[in-house]
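Reader: Hi! I'm new to this one, could you walk me through it?
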Amino acid sequence: MKRGITHVFLAGFLIITGIFQSCRQEKRKEAVTESETKKELAFKQRKIVDSAKYWWAHTPADISGDGIADLLFINNNSGGGYLGYYKGQKEDGLWELNIIAEKPPTGGLFASGDLEAADIDGDGDTDVFAVKHPGEWADAGATAEIFWYESDNGTWKPHTIGTVPDAIKDVSFADFDTDGKLDIALLTFDEHTLSIFKQVDSDTWQKVQYIENEVLHEGMDVGDLNNDRYPDIVATGMIYYNPGSDLTKPWVEENLDEQWNNQEGDWSRNGTKTFIRDIDGDGQSEIYMGHSERAGYPLAVYQKLGDSWNNITIADSIPACHTLQVYDFDLDGDFDVMAGINKGRAVNLNKTNFDVSIFINEGDYANYEKMIIETNGIYNGQAVDYDGDGDMDIFRYPDHEATDFFVLENLIN
């Protein structure tokens with residue numbers, strides 16, 4: 001009787017073991033298949049413009065409405081120029097120039113340190129932000145007049161937003177009061193101001209905040225930092241918390257980390273790059289920071305833990321880090337960090353390394369693997385799925401005085 005039971009037990013054990021081994025082999029096959037089919041992150045670089053002139057303000061956006069990102073820019077930001085875009089194409093070769101406006105509606109020239117495009121009036125197409133200014137190198141302290149341009153049957157119709165006291169360094173659109181209309185935040189460096197304009201309608205904008213702070217200079221982004229559904233602002237490492245539906249109420253100020261705004265010296269002090277991203281999906285965004293003009297500052301991400309911000313260092317130092325973007329470049333489900341050195345500025349800092357890198361997130365938001373994708377610099381680089389294939393491509397301007405402009409096409413898809 002015991003012997004029969006033993007045989008039955010042994011037979012059952014062998015069957016179970018066989019099933020287990022079979023499942024393990026199938027999983028091994030699936031893992032091998034997945035490993036074999038997963039592509040490595042790689043980029044193909046193509047020149048798209050060969051006549052850029054001080055393109056400090058540029059941004060990719062689908063201006064023409066064909067599903068391919070175009071390249072919006074202001075020409076000659078140092079001394080003022082025209083507003084235009086180069087029409088995007090998937091084929092190799094230089095892109096086609098289109099002029100939006102040679103001059104602002106009140107005369108003069110366009111110039112800005114940042115540029116944005118968005119559906120400002122909510123009608124489903126892309127509108128264009130613009131600034132009348134003589135240029136930073138001509139007269140940084142001159143008043144800046146703010147406009148936006150609406151595409152109207154092949155022509156561009158200007159609308160007035162308002163004025164700020166000097167040259168603009170950063171622009172961010174957001175629906176700050178959640179009323180369904182885009183509002184705008186503008187950061188200036190000569191007078192160290194942050195202005196917020198509420199959109200009442202397409203031709204009526206109310207200046208609801210005018211904040212003066214000596215440390216304000218460069219580097220701004222927006223996002224919900226306290227999980228209250230209202231976008232907050234980070235400007236030069238200073239956090240301004242949105243008061244809610246009444247934007248005229250005080251915006252509570254908090255210093256994220258004094259290392260970003262306690263500097264002294266010339267125009268390069270307190271120059272930052274900032275990117276806000278909710279990396280863990282909890283509704284409370286994290287803050288990425290780098291220094292755009294100096295050396296010796298880290299590339300870091302800040303995560304709110306209780307009442308304080310936890311600082312995680314991604315890289316110990318990236319000099320003249322004038323590019324900072326956070327996207328899932330390798331399509332593995334978590335966010336990677338692209339950071340790059342402005343070659344023109346780095347040379348002045350006696351640097352010989354001009355790497356553009358993607359720090360690949362290894363899944364825990366604290367450990368990253370560095371991947372160098374270019375060694376000749378980038379200025380105000382931006383990532384966007386320009387060709388609609390589901391992965392993030394990169395628009396690259398090598399430095400602030402370059403004449404060539406490139407697209408780095410992501411080949412992972």
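Author: Happy to; we'll go from the overall chain to its pockets and then its salt bridges. This is a predicted model, in which local features need pLDDT of at least 70, side-chain atom pairs count only at pLDDT 80 or more, and totals for chains, interfaces and linings use all residues. Residues are numbered from 1 along each chain as its sequence is written, and side-chain values use heavy atoms, with hydrogens and water left out.

Reader: Thanks! How many helices and strands are there in the protein chain?
Author: The chain has three helices and 28 strands. Helices (H or I, at least four residues) and strands (E, at least two) are DSSP runs, numbered from the N terminus.

Reader: And what does the C-alpha trace span along its principal axes?
Author: About 105 × 50 × 50 Å.

Reader: What share of the residues is buried?
Author: Of the 413 residues in the protein chain, 55% are buried. Buried means under 20% relative accessible area, exposed means over 50%, and partly exposed is in between (1.4 Å probe, protein chains only).

Reader: Which residues are closest to the centre of the largest pocket?
Author: Among the 30 lining residues, those are Glu116, Asp221, Phe275, Gln325 and Gln382. Several strands give two or more residues to this lining, including strand 10 (168-174), strand 18 (272-277) and strand 22 (321-327).

Reader: How does that lining divide into nonpolar, polar and charged?
Author: The lining of the largest pocket has 14 nonpolar, 10 polar and six charged residues. Ala, Val, Leu, Ile, Met, Phe, Trp, Tyr, Cys and Pro count as nonpolar, Asp, Glu, Lys and Arg as charged, and the others, Gly among them, as polar.

Reader: And what about the second largest pocket, which residues lie nearest its centre?
Author: Glu136, Trp137, Lys169, Trp267 and Glu293 do, out of 16 lining residues. The volume of this second pocket is about 320 Å³, and helix 2 (136-139) and helix 3 (343-348) each supply at least two residues of its lining.

Reader: Glu293 is charged. Which residue does Glu293 form a salt bridge with?
Author: Its partner is Arg345, with the closest N and O atoms 3.8 Å apart. Glu293 is in the loop between strand 19 (286-291) and strand 20 (299-305) while Arg345 is in helix 3, so the pair ties together parts 52 residues apart in sequence. A salt bridge is a side-chain nitrogen of Lys or Arg within 4 Å of a carboxyl oxygen of Asp or Glu.

Reader: Is that pair buried or exposed?
Author: Glu293 counts as buried, at 7% relative accessibility, and Arg345 is also buried, at 12%.

Reader: How many salt bridges are there in the whole structure?
Author: A search finds 14. One of them joins the side chains of Lys47 and Asp404 (3.4 Å, N to O). Lys47 is in strand 1 (residues 43-49) and Asp404 in the loop between strand 27 (393-396) and strand 28 (405-410), so this pair links parts 357 residues apart in sequence. Lys47 is partly exposed at 36% relative accessibility, as is Asp404 at 22%.

Reader: Which residues are linked in a network of salt bridges?
Author: Lys44, Arg46, Asp92 and Glu409 are.

Note on methods:
On a 1 Å grid over the protein atoms alone, a cavity is a set of points where a 1.4 Å probe fits but cannot get out, and a pocket is an open set with protein on both sides within 12 Å along at least five of seven lines; lining residues have an atom within 4 Å of a point. Grid points are joined across faces, edges and corners, and a volume is the space filled by probe spheres set on the points.
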